[in-house]
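The following questions and answers are intended for a reader who is new to this structure. Please consult the sequence and the model while reading.

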Amino acid sequence: MDNSIDPGTPGNTRSGQNSGFGDSAGKQTGQSRRFEPRKNRQPLQAPRPQRPQGPKPVKVPVTAFDSALEKILGSERLARHNNANIQNQSPNPDAGAQNNRNLAQKNPRNRQRNRRPNRGPSRRPIHNFAAQAVQSEAQRTFANGETCPSPAPSYTKAAGGKPVSYGKNLRVIPLGGLGEVGRNMTLLEYDGAILILDMGFRMPGEDMPGIDYIIPNIDYLKNKAKNIVGVVFTHGHYDHIGAVPYIIDKIWHPGLRIIASPLTKAIIMKRQEDFPGLPKMDIEEADDGTTADLGPFKVEFFRLNHNIPGNFGIFVQTPVGNIIDTSDFKFDSNPVNEKPTDFKRLNDIGRRRILLLLSDSTDAEIPGHSLSEQEIFENLEKIFQESKGRIIAATFGSLLNRIQQLIHLSEKYGRKVAIDGYSLKNNVEVCRQLKYIRANKNTFIQMSEVDGQPDDRVTVICTGAQGEADAVLMKIATREHRFLRFKKGDSVIFSSSVIPGNERTVQNLKDDILRQGVKVYHYKMMDIHAGGHARQEELMEMMRIMRPKFFMPIHGQYSMLVACADLARSVGIPDNNIVVIENGQVVTVDQRQITVEKERVASSFIMVDGLGVGDVGEIVLRDRQALAHDGMFVVVTVIDRLTGKVKGSPDIISRGFVYLRESKDLLKETRNKTVEIINKATGSNGAVNWTCVKEDIRNKISDFLFTKTERRPMVLPVVIEI
Ligand SMILES: [Zn+2]
Ligand SMILES: [Zn+2]
């Protein structure tokens, strides 16, 4: 369950080509064209510094939240908290102006952008504030310096001249990832400027035949491309980056800054190779402590553990207060190939007075603490100790920590490693280049060489832990794999939990493999899968560290969001300060309150099927479901144009409904019925409305078949006049 939001290996590797985007007819498509043509695009408007109004001195009342905080933190820390509060509301109007001027001087980027409009985002230096050891009180409150109205860029006109500013409120708009697993994408909007956090996809459900992925609906961004000041990515899992190739060309404009960790960037870029027509992206690399000014948002990345390296929590300083997106995270004191959780740094961030915490909720229903990667390593090692034959480990392409562990163990136990599966190979290649995966030079062999190795000297790491039809494990199990067949003595490891909805397929696959005399290990038998997600104890610890005034759970099914909100209540965040919302709802935040607006933005599923993005909608999907359930039934009738009578007997073509040869009586009756309907319609010698006749055939034959079979195939009447 816990890994369910990391759909690492797309089961369908059919990758869309860009050429399909603008041509398909869905409402989601062709936006890049409806946005301004690239050559006409103006560079981002430089902010015209305005003199701030100057904040009024405010007496800070002790609120219910403060008293709750006091319980948690003790009064001494609270005093500091309020102190910082008062300092920020400096009575000197120039203090704010000065602050803003300093910020503007530090970052002349917007002006630069005006001077060099068409050269695209150049590689600009990114300040590393963490290196400056932010310790003094002044610096500690630095992140709050924006409590005064800042000279934020004025993005008040959309491309069409329509005002889009919502004033000096901060709006938080999740387009995906809430009330579902996957498809994570959240917008922060201030005074018209929009910052995008992540752009993921999700896998289709069992009721969506033929669909490859589902991506967020970005109708809200239509005509606002120029207002998008940046896109920042938390990590390289597809539920956070997977929609990039489908969305980026619709929001791209010169000067759009895109920032990610080196590994996330490498994974995105590798995937872009499958989509040759896309605009060339320049993704800036971020490290722990990197900050970037994106319009009114000042973003800082901070390292958090997950089950993939290069995972960042994101701190966003906005004119109304500080916001944190925790990304997917867990606290791990023994991670693989990366540093343990840096609590000192997290505490430093927590001291900056966090207005709103957006928290991962995926494992909010699971008590306790997530497993350390070290514990998983030990459990996996037991399998390596026991196995006398080949080990075939199925995992996600993106579960890089698990892949590394399997490589380590193979080396330790003298096994060569063969890797198979498109996404898995790609990711391992990217990671080896960046040294996120370490392996001896001669550890890897080709799949074709597996057979030549002694059984106890080989490990195969492959895709297919979710029972995906196209993935490697399924191919081995069904004897369709080019090089590999199971044999007695093999051990198969399903090293990830099952995504909800895939249980049945995985169960069948397991049974098939067991029938071939193979030993199967899966996560329910032993802890060989750590979700990369914080469980209840860690989630509460994060809340205690960040001490947010407002709280909003993200990432997860509705029940997970609610469970996460309950945890927030239990650490003392008042009920009124917590919002549980779903995709497309809009939350506004200021320093005093958080409000769920009545407004809703489009957040429906946009389905990707092969080359088509958004052209498969509800209706197509319903047809596919009907076809899948009861098949189809075509009645072809030939009419004599002169007499208006049916010529001969109607032809019937059917698939997936009944076996025609064994249903002669039913077919005969259907033919008679069809002739009857047509003759009745043409009998009166008036003009015949064939559309109505066909509709009549459709309804009556459908009802007739239902009374005979209790099935409702899709009935398609065809009438040919000759
Ligand atoms: Zn995720
Ligand atoms: Zn993740």
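Q: What average pLDDT does the protein chain have?
A: This is a predicted model, in which local features need pLDDT of at least 70, side-chain atom pairs count only at pLDDT 80 or more, and totals for chains, interfaces and linings use all residues. Residues are numbered from 1 along each chain as its sequence is written, while chains are lettered from A and ligands numbered from 1 in the order in which they are written. pLDDT is the predictor's confidence in each residue, from 0 to 100. A score of at least 70 is reached by 75% of the residues, and the chain average is 78.

Q: Over which residues is the pLDDT below 50, in a stretch with 275 contacts?
A: A contact requires that the C-beta atoms of two residues, placed from the backbone, lie within 7 Å. Beyond near neighbours in sequence, the stretch in question has 275 contacts in the model, and its pLDDT is below 50 over residues 1–163.

Q: Which residues have the most contacts inside the largest nonpolar core?
A: A nonpolar core is a set of buried Ala, Val, Leu, Ile, Met, Phe, Trp, Tyr and Cys residues joined through C-beta atoms within 7 Å. A residue is buried if 20 or more other C-beta atoms lie within 10 Å of its own, exposed if 12 or fewer, and partly exposed in between, with C-beta atoms placed from the backbone. The largest core has 149 residues, and those with the most contacts inside it are Leu188 and Leu473.

Q: Which helix gives the largest share of this core?
A: Helices (H or I, at least four residues) and strands (E, at least two) are DSSP runs, numbered from the N terminus. The largest share amounts to seven residues, and these come from helix H18 (residues 558–570).

Q: Why is strand S1 described as largely enclosed by the rest of the structure?
A: Strand S1 spans residues 170–176. The strand is largely enclosed because, of its seven residues, the number buried is seven.

Q: Which residue of S20 is the bridge partner of valine 172?
A: Two strands pair if DSSP finds at least two bridges between them. S1 pairs with strand S2 (residues 185–190) in the antiparallel sense over six bridges, and proline 174 stands opposite threonine 186 in S2. Three bridges join S1 to strand S20 (residues 585–589), again in an antiparallel arrangement. In S20, the partner of valine 172 is valine 587.

Q: Which strands are the edge strands of the open sheet of six strands?
A: The order of this sheet is S8-S9-S10-S11-S12-S19, with mixed pairing. Each edge strand pairs on one side only, and the two are strand S8 (291–294) and strand S19 (550–554).

Q: Is aspartate 191 buried or exposed?
A: Aspartate 191 lies in the loop between S2 and strand S3 (193–197). Its phi is near 50°, a positive value in a residue other than glycine. Since 25 other C-beta atoms lie within 10 Å, aspartate 191 is buried.

Q: Does arginine 479 count as buried or exposed?
A: Arginine 479 is placed in the loop between helix H15 (472–477) and strand S17 (491–494). The phi of arginine 479 is near 60°, a positive value in a residue other than glycine. With 10 C-beta neighbours inside 10 Å, arginine 479 counts as exposed.
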